[in-house]
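Student: Could we go through this structure together, one question at a time?
Tutor: Gladly; let's have it in view.

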Amino acid sequence: GELYFDTVNRVVYHKTTVGTDVPFQLRRGSNVVSLERTQDRTQIINRLTGLGYGEGEYQLAVTVDATSTDEDGYTSQERYGIQRGTYTDKACKSLATMTETVKRLVELSAWPKYSYRLEVCPRPGYDDDDLDYLAPGNTVRLVYDEINQSLRILKVRRSTNSNIARLEVAT
């Protein structure tokens with residue numbers, strides 16, 4: 001599931017999915033006017049300890065290091081040093097299950113996250129209504145140089161006197 005923050009009522013909801021995948025691509029040379037990329041290394045975890053059922057010395061525990069490598073062949077630990085984290089599931093009694101879960105989670109968090117600020121115009125041949133797909137929570141595909149991935153729209157700003165939308169998107 002995903003968490004959705006209702007900014008009006010200031011409530012966090014847990015939903016199966018937030019937003020929808022929309023058939024809209026953000027493409028360099030087509031509808032992307034400008035792009036700014038930001039790297040966030042503050043959430044990197046490349047050594048994750050999973051804690052399960054039990055207490056103290058009798059608690060189920062497993063520690064896993066991220067093993068994936070970047071395009072130069074370096075691991076996350078070689079690039080950023082050891083970044084520790086803890087995952088807890090007190091209901092888990094299986095070492096195999098905990099190990100697989102922790103392996104999956106540490107690989108998801110071993111590398112920096114990227115967010116993008118974009119200025120977007122309607123696609124060629126479309127009118128301003130084309131930008132109506134761009135709503136917070138929806139996912140769109142960004143195709144720009146080496147980037148080709150699905151990203152979640154975090155924020156949209158539009159002006160009434162311009163056909164440009166300003167977006168913040170991230171993985």
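Student: Is Phe24 buried or exposed?
Tutor: Buried means under 20% relative accessible area, exposed over 50%, and partly exposed in between, with a 1.4 Å probe and protein chains only. Phe24 has a relative accessibility of 1%, so the class for Phe24 is buried.

Student: Before we go on, what kind of model is this?
Tutor: This is a predicted model, in which local features need pLDDT of at least 70, side-chain atom pairs count only at pLDDT 80 or more, and totals for chains, interfaces and linings use all residues. Residues are numbered from 1 along each chain as its sequence is written, and side-chain values use heavy atoms, with hydrogens and water left out.

Student: What is the mean pLDDT of the chain?
Tutor: pLDDT is the predictor's confidence in each residue, from 0 to 100. In this chain 89% of the residues reach 70 or more, and the mean is 89.

Student: Which residues form the covered face of strand β3?
Tutor: Helices (H or I, at least four residues) and strands (E, at least two) are DSSP runs, numbered from the N terminus. Strand β3 covers residues 21–27, and its uncovered face holds Asp21, Pro23, Gln25 and Arg27. The covered face is Val22, Phe24 and Leu26.

Student: How many bridges join β3 to strand β9?
Tutor: Two strands pair if DSSP finds at least two bridges between them. β3 and β9 (residues 139–144) run parallel, and Arg27 has Val143 as its bridge partner in β9. The number of bridges is four.

Student: How many aromatic pairs does a search of the whole structure find?
Tutor: Rings of Phe, Tyr and Trp (its six-membered ring) pair if their centres lie within 6.5 Å; planes under 30 degrees apart count as stacked, over 60 as edge-to-face and the rest as tilted. With that rule, the search of the whole structure gives two.

Student: How many residues apart in sequence are the parts that Phe24 and Tyr133 tie together?
Tutor: Phe24 and Tyr133 make a tilted pair, 6.1 Å centre to centre with 50° between the planes. Phe24 belongs to strand β3 and Tyr133 to the loop between β8 (113–120) and β9, so the parts tied together are 109 residues apart in sequence.

Student: Which kind of aromatic pair do Tyr80 and Trp111 form?
Tutor: Their centres are 6.2 Å apart, with 80° between the planes. That makes the pair of Tyr80 and Trp111 edge-to-face.
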